[in-house]
Amino acid sequence: MTPGQRIRFIFKPLVFVACLLPFLWLGWNWYHDNLSANPIDDVTDTTGTWTLRFLMVTLAITPVRRISGWNRLLQFRRMIGLFAFFYGTLHLFTYLYLDQFFLWEEILADIPKRPFITVGFLSFVLMIPLAATSTDRIAKWMGGRLWNRLHKLVYITAIGGVIHYLWLVKADVQRPLIYGGILALLLGTRLWYVLKPFLVGRMRREGARSEVAGG
Amino acid sequence: MLIKRPSDIPSSEITPESLYRNRRTFLKSAALVTAGTAAAFALPRFAGPQDPPYKRPPAGPFNTDEDLTSYKDITTYNNFYEFGTDKDDPSENAGSLKPRPWKVRVDGEVHNAGLYDLDDLLKGITQEDRVYRLRCVEGWSMVIPWLGFPISALLKRFRPTSRAKYVEFTTLNDPQQMPGLSRPVLDWPYVEGLRMDEAMHPLAIFAVGLYGKQLPNQNGAPLRIVVPWKYGFKSCKSIVRIRLTEKEPVPTWVRAAPHEYGFYSNVNPDVDHPRWSQKFERRIGEFRKRRTQIFNGYGDQVAGLYSGMDLRKHF
């Protein structure tokens with residue numbers, strides 16, 4: 001088997017099943033009444049945290065790839081990104097149905113009134129075009145440059161997701177801040193790669209200038 | 001890999017159509033499964049044969065006739081940050097609390113200040129069954145059969161001076177017994193307060209038990225208050241100090257976020273928390289949400305305490 005075939009037929013299916021495990025765990029515990037006294041809140045919390053986690057993993061692929069040289073990691077990014085969208089959809093659905101019972105008037109009134117819901121809703125909406133353009137056919141049609149630009153929206157979704165979490169906790173900000181820290185790291189590495197040519201260029205020029213001046 | 005041109009995508013990257021179609025079908029069926037299980041769970045979970053045997057008092061001004069929340073839910077779904085901030089932390093970690101021997105310091109504007117042993121304080125007091133609603137500021141509620149007695153019974157014994165306008169309660173603050181204290185989530189110790197007339201109201205009780213049994217540690221053993229017309233955080237747990245004051249005390253949640261939590265914190269569907277609405281609540285055990293009622297449904301008994309007050313300003 002070629003490495004590419006190994007990935008497609010062995011590793012990707014394994015990762016796919018692994019990504020499903022939180023959903024299956026949740027469903028099993030719900031069915032067996034193993035969740036807390038407030039299971040709807042548990043489902044909301046769990047689907048929300050897994051959305052954030054899958055977003056973080058998606059964003060980690062490029063930095064890890066650059067540092068390790070494992071280019072094949074890229075083949076997993078779409079699947080993991082779509083799972084972030086999957087858990088985000090479940091999370092939104094939990095809010096729309098289990099929290100608000102599809103009372104659209106209440107929901108529309110709620111979204112602007114509760115800032116954490118506004119931010120969460122916007123973050124989810126930004127994921128829709130990303131999921132919709134995730135197939136190869138559409139990426140081809142769009143062209144690589146446009147596709148890449150569009151998919152940078154995931155940065156805003158991830159930042160919005162962390163803010164959403166931070167704005168809904170009562171007093172214990174530890175977990176939202178941990179996600180914030182991880183996100184800052186993941187986005188920071190990208191910033192570093194963008195700035196590096198300018199910084200390195202400047203250092204080289206400084207070095208050349210001091211040589212010329214005899215310093 | 002930067003996709004510069006569509007032809008840059010190698011054919012090995014293109015998902016086989018079968019897998020691509022399966023993905024979409026899976027997502028659709030996942031949504032259906034979720035909806036189905038959600039509907040299947042529409043059964044209410046209330047008190048039943050699995051709970052401690054308990055003879056309900058007859059319904060009255062101090063006893064609602066609504067379905068009781070199960071003992072399991074009452075004792076495993078708690079906010080008691082001194083034992084951790086997750087809902088299951090208190091039941092898991094409160095084993096280290098020692099409810100006896102227990103001393104309560106009484107000081108401030110009283111004639112009978114002192115350090116009292118709890119059992120001495122409780123001598124001669126008749127415990128009553130009180131079935132109250134409890135509404136958490138987070139938006140969930142329970143119906144709990146407390147065992148307790150009016151706060152006024154003890155306050156009268158302490159003989160408040162004429163300057164006593166407020167009562168301040170303080171929770172135990174012992175890091176040996178309470179592992180959650182190692183994190184400064186709140187400004188420990190936990191402090192709450194009531195206006196004198198609120199504390200003297202017959203609805204406001206000290207509680208020492210629930211379901212006719214001793215209060216479990218995670219529910220605030222061995223002594224707590226229950227003020228059912230206010231948000232649950234005002235019902236201070238594991239009390240070690242009672243101080244009568246002239247000035248309004250500053251409760252811990254007010255200190256933590258003064259624009260979100262007020263001294264009064266009366267249950268009020270018309271006054272939203274800045275970050276979430278208070279119009280609805282989820283009764284633990286129920287599927288659909290309910291409309292929250294002003295003063296948690298105790299308006300007939302307590303509204304008079306606040307006549308003429310702007311409840312939005314004094315939230």
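Helix α5 (residues 115–132) of chain A has 18 residues, which should span 26 Å at 1.5 Å a residue, and its end C-alpha atoms are 27 Å apart, in agreement. The expected span is 1.5 Å times one less than the number of residues; helices (H or I, at least four residues) and strands (E, at least two) are DSSP runs numbered from the N terminus. This is a predicted model, in which local features need pLDDT of at least 70, side-chain atom pairs count only at pLDDT 80 or more, and totals for chains, interfaces and linings use all residues. Residues are numbered from 1 along each chain as its sequence is written, while chains are lettered from A and ligands numbered from 1 in the order in which they are written.

**Surroundings of α5(A)**
- The buried residues of α5(A) are I117(A), V119(A), G120(A), S123(A), F124(A), M127(A) and L130(A) (buried: 20 or more other C-beta atoms, placed from the backbone, within 10 Å of a residue's own; exposed: 12 or fewer; partly exposed: in between).
- Seen down the axis of α5(A), these residues fall within an arc of 160° and so line one face of the helix; the arc is that of the directions from the helix axis to the C-beta atoms.
- P129(A) and A132(A), on the other side of α5(A), are exposed.

**Helix α3**
- Helix α3 (residues 74–99) of chain A has 26 residues and reaches 37 Å from first to last C-alpha, close to the expected 38 Å.
- F101(A), which follows α3(A), has a positive phi near 50°.

**Chain A overall**
- Chain A comprises nine helices and zero strands.
- Of its 215 residues, 27% count as buried.
- The C-alpha atoms of chain A fill a box of roughly 75 × 50 × 35 Å along the principal axes.
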